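Here is a brief report on one protein model.

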Amino acid sequence: MLQTHSLCKSFSCAVAVDTLDLSVQVGQIRGLLGPNGAGKSTLLKLLAGVLEPQAGQHLPGHNTKSGYFSQNRVDVLDTSATVLEEALDTPERLTEEHARTVLGSFLFRGDDVFKRVSVLSGGEKSRLALVKLLLDPPNLLLMDEPTTHLDLASIDALIGALKQFEGTIAFISHDVHFIRQLSTHTVHVKNGRLRNFPGGYDYYLHKTN
């Protein structure tokens with residue numbers, strides 16, 4: 001789906017990511033783990049094309065369509081719209097029935113879909129942003145802390161939806177339950193460098209303990 005070669009990005013003389021080589025294959029779900037400040041979010045932004053590297057190459061695969069779910073995802077919502085209107089506002093033409101089915105799986109049921117986005121809680125806005133992404137899915141999904149503001153039921157709904165997702169995923173999370181349920185491969189990021197593990201969270205723990 002994508003490859004990087006000797007990727008480098010620094011801020012104010014502090015290296016965020018340095019000479020990184022990473023290959024993400026079709027169908028993989030890669031969890032990016034590491035301490036705060038290790039460069040995980042910077043790496044994800046480089047993969048998404050939100051940031052430009054100062055050196056190296058970022059090479060998307062043929063027909064790769066990436067979708068970036070940032071920590072500031074709620075900023076892209078139209079607060080004057082209703083939940084249903086916002087869900088239907090995608091490049092793809094959707095039926096109201098399909099939109100309401102996906103909204104229902106993320107706990108927007110009945111008259112909830114007619115609420116204005118402006119009155120939603122932080123968790124509800126996060127759920128709506130996820131719904132919008134899943135209603136017009138890319139084949140490469142890049143997610144930065146997708147479980148922030150979500151309760152356990154919403155996290156489980158997201159896990160269920162992502163397990164049915166037919167594309168490739170790279171994500172950052174500190175939620176062990178989410179990581180353990182979802183990741184098939186693990187990347188440890190520390191001091192701007194990567195260490196790849198060809199297995200999920202438990203495999204990663206086994207190899208690092």
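A polar atom of the Thr208 side chain lies 2.8 Å from the backbone oxygen of Tyr204. This is a predicted model. Thr208 belongs to helix α7, which spans residues 201-208.

Is Thr208 buried or partly exposed? Its relative accessible area is 34%.

Setting aside neighbours within four places in sequence, Thr208 is in contact with Arg195 and Phe197. Phe197 is eleven residues from Thr208 in sequence. The C-alpha atoms of Thr208 and Phe197 are 9.8 Å apart.

## Helix α3 and its cover

Helix α3 covers residues 96-105. Its buried residues are Ala99, Val102, Leu103 and Gly104. The cover over these buried residues includes α2 (83-88) and α4. Just after α3, Leu107 takes a positive phi of about 75°.

## How α3 packs on α4

Helices α3 and α4 pack at an angle of about 135°. Their axes are 10 Å apart.

The crossing of α3 past α4 is right-handed. Which residues meet in this contact? From α3 come His98, Ala99, Val102 and Leu103. From α4 come Leu128, Val131 and Leu135. By class, the contact of α3 with α4 has six nonpolar residues, one polar residue and no charged residues.

## Phe108 in the loop

Phe108 is found in the loop between α3 and α4. Its relative accessible area is 3%. Buried means under 20%, so Phe108 counts as buried.

What does Phe108 touch, beyond residues up to four places away in sequence? Its contacts are Val83, Leu103, Val113, Leu120, Glu124, Arg127 and Leu128. Arg127 is 19 residues from Phe108 in sequence. In space, the C-alpha atoms of Phe108 and Arg127 are 8.9 Å apart.

## Glu124 in α4

Glu124 is found in helix α4, residues 122-135. Its relative accessible area is 16%. That value is under the 20% limit, so Glu124 is buried.

A polar atom of the Glu124 side chain lies 2.8 Å from the backbone nitrogen of Ser121. Not counting residues up to four places away in sequence, Glu124 touches Phe108, Lys115 and Val119.

## Helix α1

Helix α1 runs over residues 40-48. Which of its residues are buried? They are Lys40, Thr42, Leu43, Leu44, Leu46 and Leu47. Just after α1, Gly49 takes a positive phi of about 80°.

## The chain as a whole

The protein chain has seven helices and nine strands. Of its 209 residues, 48% count as buried. Glu124 and Phe108 are among the buried residues.

How do contacts span the sequence? Take the contacts between residues at least 6 apart in sequence. Among these, 65% join residues at least 24 apart.

Definitions and conventions. Residues are numbered from 1 along each chain as its sequence is written. This is a predicted model: local features need pLDDT of at least 70, side-chain atom pairs count only at pLDDT 80 or more; totals for chains, interfaces and linings use all residues. Side-chain values use heavy atoms; hydrogens and water are left out. Buried means under 20% relative accessible area, exposed over 50%, partly exposed in between (1.4 Å probe, protein chains only). Helices (H or I, at least four residues) and strands (E, at least two) are DSSP runs, numbered from the N terminus. A polar contact is a pair of N or O atoms within 3.5 Å; within protein, one must be able to donate a hydrogen and the other to accept it, and residues adjacent in sequence count only if both atoms are side-chain atoms. Contact means heavy atoms within 4.5 Å. Axes are lines fitted to C-alpha atoms, for helices over the stretch in contact, and angles run from 0 to 180 degrees between N-to-C directions. A crossing is left-handed if the near helix is turned anticlockwise from the far one by less than a right angle, and right-handed if clockwise. Ala, Val, Leu, Ile, Met, Phe, Trp, Tyr, Cys and Pro count as nonpolar, Asp, Glu, Lys and Arg as charged, and the others, Gly among them, as polar.
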